Amino acid sequence: MFDTKRPLVCIQGLGFVGAAMAIAVANAKDKKGEPIYNVIGIELPNEQGIEKTNAMNKGIFPFENVDEKLSRAHKTCVKNKNLLATTDSQWFGEADIILSDINLDVSYKEDKEPYLNLNMYKEAMHTIGSKMKKGSLLIVETTVPPGTCEKVIKPILEEEFKKRGMEEEEVLLAHSYERVMPGADYYNSIVNYWRVFAGINDRSADMCKEFLSNVIHVEQYPLTRLSCTTASETAKVLENSYRAVTIAFMEEWGRFSEKAEFDLFEVVDAIRMRPTHSNIRQPGFGVGGYCLTKDPFFAALGAKDILELSGLEFPFCTKAVEMNNEMPIVSLDKIQELLGGSLLGKKILVLGVSYRQDVGDTRYSPTEIFAREAMRREGELTFQDPLVSEWKEMGIKVGKEIPPSDGFDAVVFTVAHKEYAQIDFKSWIGKNEILIFDANRVLTNKQIQDISHGHYKFAGIGRGGHKV
């Protein structure tokens, strides 16, 4: 099946990260332009896992994808016959390198307090440990609480090695967190982006460095080696916590601009001209996706449950998650007020259900928070998203085409998909009386001018300078 002269890389989990990583690793080339690795992506033997593996083997990416570079790379893998997807975990025993790209979620108690449930994650590590061969390196790319590699994964691997009569000291383990960003730069976010890594010992770190150097263009995007895996784990958690906190910080300024009746986005654009402030965030519809909605909790949970440290609290992180989760309801409250104080019987078109632009991922989408509360208030909602046909979390179908505006009381823009910036409101809305609400800086300045010059109602988050 494969050219057996090549090292074998197995990837545990073919989600948004693992599927793209499998393609990127399979496309790594030597100086002669030949593939360096054979790659096998391994999924669970359930219905979802079988669907993913079948799609990958047919050259079909298992998720909505707008990145042509990733699509071309996938076709190259199929042509070179060095990428396989399977549900057979026995392949872990043949691997020279194993990448773990499975989810580690935060669980919540009835009072919404977060806690760690590591049972399924530990089971996955036992699966690897029971099969990986001597000299094989496990690289954890999953975002995990600080201390996980040293205090959770390493002991499991040592336990499984001991069962098979292997020396515990032979465990090779590294952490190198992914910075994969689905969307237009999906593939580039792997091969043309900086990476951080660390190992439990020098040999693990050295092997990890060699592997990453084969996959990533390290001449332009150099690697950063940290002193220990706990530091590497902390780097990812801190990165995402920083983003979550700075986004939450800007929400209160959005409320201020709306009350004071000026457009905060022109203020943000002006501040961004200063190089030291070019990455200032902006108010919006809230935070969604798999990372920023939970990762800020990992520091506190890791400190308490894994590292067994006491007296540490992370109030900024906790408050940021709470505030970001409230943002969709802020938009909903404003829309309800503008529609006369009640959503009963109001027909609302929601444009965008994914968690971010150019991505077909609805996990932890802020639109879900908005939709559930709007329905509870008896609003009648219709959903459209160019990259989503079935909203699994809500159990509903989603239209891919923007419907006519006839009959709607309000149109809400929640996600900055590029097709929304191309809407001609004069022809789409026509003479209909309708509220247009931009919850996430989706519309262009020209579109807003066209709306303002028409007879439509317009409002938005951070848009205090535009009166209804």
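What follows is a set of questions and answers on the overall build of the protein and on selected residues.

User: How many helices and strands are there in the protein, and how compact is it for its length?
Analyst: This is a predicted model, and the protein contains 14 helices and 17 strands. For 468 residues the globule rule gives 23 Å, and the protein is close to that, so it is as compact as a globular protein of that length. The C-alpha trace spans about 75 × 55 × 45 Å along its principal axes. The radius of gyration of the protein is 24 Å.

User: What share of the contacts in the protein with a separation of 6 or more comes from residues 24 or more positions apart?
Analyst: As background, buried residues make up 51% of the 468 residues in the protein. Among contacts with a separation of 6 or more, the share of those that join residues 24 or more positions apart is 74%.

User: How far apart are the mean positions of the positive and negative charges of the protein?
Analyst: The protein exposes about 22,000 Å², and carbon and sulfur atoms supply 50% of that area. The charges comprise 57 positive and 67 negative ones, and the distance between their mean positions is 4 Å.

User: Is Gln384 buried or exposed, and which residue does its side chain join in a polar contact?
Analyst: Gln384 is found in strand 12, which covers residues 380-384. Its relative accessible area is 0%, and because buried means under 20%, Gln384 counts as buried. Beyond its neighbours within four places in sequence, Gln384 is in contact with residues including Val350, Val398, Pro403, Glu419 and Tyr420. The polar contact of the Gln384 side chain, at 2.6 Å, is with the side chain of Tyr420.

User: Which backbone oxygen does the side chain of Gln447 reach?
Analyst: Gln447 lies in helix 14, residues 445-453, and at 4% relative accessibility it counts as buried. Leaving out residues up to four places away in sequence, Gln447 touches Tyr420, Ala421, Gln422, Ile423 and Phe425. At 2.9 Å, the side chain of Gln447 reaches the backbone oxygen of Tyr420.

User: What separates the C-alpha atoms of Gln447 and Phe425?
Analyst: Phe425 is among the residues that Gln447 touches. The two are 22 residues apart along the chain, and their C-alpha atoms are separated by 7.2 Å.

User: Which residue supplies the backbone oxygen that lies 2.7 Å from a polar atom of the side chain of Thr293?
Analyst: Thr293 is placed in the loop between helix 9 (264-272) and helix 10 (298-306). With a relative accessible area of 10%, Thr293 is buried, and apart from neighbours within four places in sequence it is in contact with Tyr108, Val287, Gly288, Val321 and Tyr364. The backbone oxygen that lies 2.7 Å from a polar atom of its side chain belongs to Gly289.

User: Why is Tyr364 classed as neither buried nor exposed, and what is its phi near?
Analyst: Tyr364 is found in the loop between strand 11 and helix 12. Most residues other than glycine have a negative phi. For Tyr364, however, phi is positive, near 55 degrees.

User: What is the phi of Asp358 near?
Analyst: Asp358 lies in the loop between strand 11 (347-351) and helix 12 (366-376). Phi of Asp358 has a positive value in a residue other than glycine, near 60 degrees.

User: What separates the C-alpha atoms of Ile461 and Ser100?
Analyst: Ile461 lies in the segment after strand 17 (457-460), and with a relative accessible area of 1% it is buried. Not counting residues up to four places away in sequence, Ile461 touches Arg255, Phe265, Pro283, Val330 and Phe437, among others. Ser100 is 361 residues from Ile461 along the chain, and the separation of their C-alpha atoms is 39 Å.

Definitions and conventions: Residues numbered from 1 in each chain as written. Predicted model: local features only at pLDDT ≥ 70, side-chain atom pairs only at ≥ 80, totals over all residues. Heavy atoms only, no water. Helix = DSSP H or I, 4+ residues; strand = E, 2+ residues; numbered from the N terminus. Buried < 20%, exposed > 50% of the residue type's maximum accessible area, 1.4 Å probe, protein only. Polar contact = N/O pair within 3.5 Å; in protein donor to acceptor, adjacent residues only side chain to side chain. Contact = heavy atoms within 4.5 Å. Rg over C-alpha atoms; globule rule 2.2 N^0.38 Å. Areas by Shrake-Rupley, 256 points an atom, 1.4 Å probe, with all protein chains shown as cover. Lys, Arg positive; Asp, Glu negative; His and termini not counted. Charge placed at Lys NZ, Arg CZ, Asp CG, Glu CD.
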